[in-house]
Amino acid sequence: MIGYRKRSFFLAHKLLTNLRMDQDDLKSLRELQVLLAHEIVRTERGVRKLKAELKGSSVDDKRQTYLRKRIESYRYCAYVWRSFGDAIAFVYLDKFALKHTYYQTGKKSPKSDAGFLSDKDGLEHELRLLFTALDHNVPAILTDLTNTIRHGDVCLMGASDPFLMEVKATPSRNERARRQKDSLDILHNFFETDGSTRLWGNPDLRREALTDPEVAYIQQLNECISSSLAAGFGSETPKAAYNTMRSGPIRVYPRQ
């Protein structure tokens with residue numbers, strides 16, 4: 001289904017490429033997020049429409065199967081658009097720091113996502129904060145445009161560690177708001193001090209810099225993709241992985 005949105009897909013790729021070349025290109029950062037928000041909301045409208053039909057009493061089994069597959073296709077599209085949001089975050093922020101924003105703070109299991117973007121009452125306030133940050137030359141992103149960042153509403157990306165902010169239209173003192181504030185406090189303290197006595201229930205968690213150089217296989221992966229597009233199949237065996245026998249070769253099959 002993402003094939004029906006080729007123009008938006010290629011525009012998103014172009015804007016992301018601009019950001020990778022120039023992180024100060026906040027115009028592209030703004031334009032890309034507006035594009036992603038529109039596309040995600042579009043998928044949500046599709047899901048709602050199909051779910052409404054699925055609830056109808058006259059829908060036969062064959063139609064139900066078709067509708068469920070279409071719903072999953074729309075959800076996959078939303079995942080793809082949010083993957084662009086992830087790519088934005090990884091352009092600006094340290095990937096190891098971002099990992100902590102995916103998990104709950106009380107235990108190391110993935111935090112549930114925020115649900116539909118179009119359902120948020122405070123979206124207008126979040127956008128206002130986002131655009132204010134960009135207008136003041138501070139790179140920022142709506143967390144709901146990502147699959148990875150699951151804490152806060154807006155993430156400032158002016159440093160290597162994420163700075164998460166919760167946006168409330170009105171003051172709230174309910175239990176959910178208290179939990180959200182506690183989680184952000186735990187993460188902020190961890191990023192600031194490189195340690196925590198509360199994160200994931202660990203009484204003495206410390207963060208240290210890697211001493212060994214990172215090993216990546218981006219070149220081999222790109223070569224594998226190129227050969228698969230030309231021949232229908234691609235295979236590369238990264239030397240380090242081959243020597244340690246910790247993993248097999250990279251194989252790529254173009255999606256038909």
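Helices (H or I, at least four residues) and strands (E, at least two) are taken here as DSSP runs, numbered from the N terminus. By that reading, Gly195 belongs to strand β4. The model is a predicted one, so to speak of a local feature takes a pLDDT of at least 70, and side-chain atom pairs count only at pLDDT 80 or more, while totals for chains, interfaces and linings use all residues. Residues are numbered from 1 along each chain as its sequence is written, and side-chain values use heavy atoms, with hydrogens and water left out.

To stay with Gly195 for a moment: this glycine is buried, at a relative accessible area of 14% (buried means under 20% relative accessible area, exposed over 50%, and partly exposed in between, with a 1.4 Å probe and protein chains only). Setting aside neighbours within four places in sequence, Gly195 is in contact with Asn189, Phe190, Leu205 and Arg206, where contact means heavy atoms within 4.5 Å.

Now for the whole chain. It holds eight helices and seven strands, and its C-alpha trace spans about 60 × 50 × 40 Å along the principal axes. Of the 256 residues, 38% are buried. Among contacts with a separation of 6 or more, 57% come from residues 24 or more positions apart.

Next comes a sheet. Three strands make up an open sheet in the order β1-β2-β3, with antiparallel pairing; two strands pair if DSSP finds at least two bridges between them. β1 (140-142) and β3 (163-165) sit at the edges with a single partner strand each, so one side of each has no neighbour in the sheet. β1 and β2 (residues 154-156) pair in the antiparallel sense over three bridges, and Ile141 stands opposite Cys155 in β2.

The aromatic rings give another way in. Rings of Phe, Tyr and Trp (its six-membered ring) pair if their centres lie within 6.5 Å; planes under 30 degrees apart count as stacked, over 60 as edge-to-face, and the rest as tilted. Eight aromatic pairs turn up by this rule. In one of them, the centres of the Phe9 and Phe84 rings are 5.3 Å apart and the planes stand at 80°, so the pair is edge-to-face. Phe9 lies in helix α1 (residues 6-21) and Phe84 in helix α3 (residues 61-92), so this pair ties together parts 75 residues apart in sequence. Phe9 is partly exposed at 28% relative accessibility, whereas Phe84 is buried at 8%. Tyr103 and Trp200 also form an edge-to-face pair, 6.4 Å centre to centre with 80° between the planes. Ring pairs also link Phe9, Phe10, Trp81 and Phe84 into a cluster.

Finally, there is Glu39, in helix α2 (residues 26-54). Glu39 is buried, with a relative accessible area of 4%. Its side chain makes a polar contact with the side chain of Arg5 at 2.8 Å (a pair of N or O atoms within 3.5 Å; within protein, one must be able to donate a hydrogen and the other to accept it, and residues adjacent in sequence count only if both atoms are side-chain atoms). Not counting residues up to four places away in sequence, Glu39 touches Arg5, Ser8 and Trp81.
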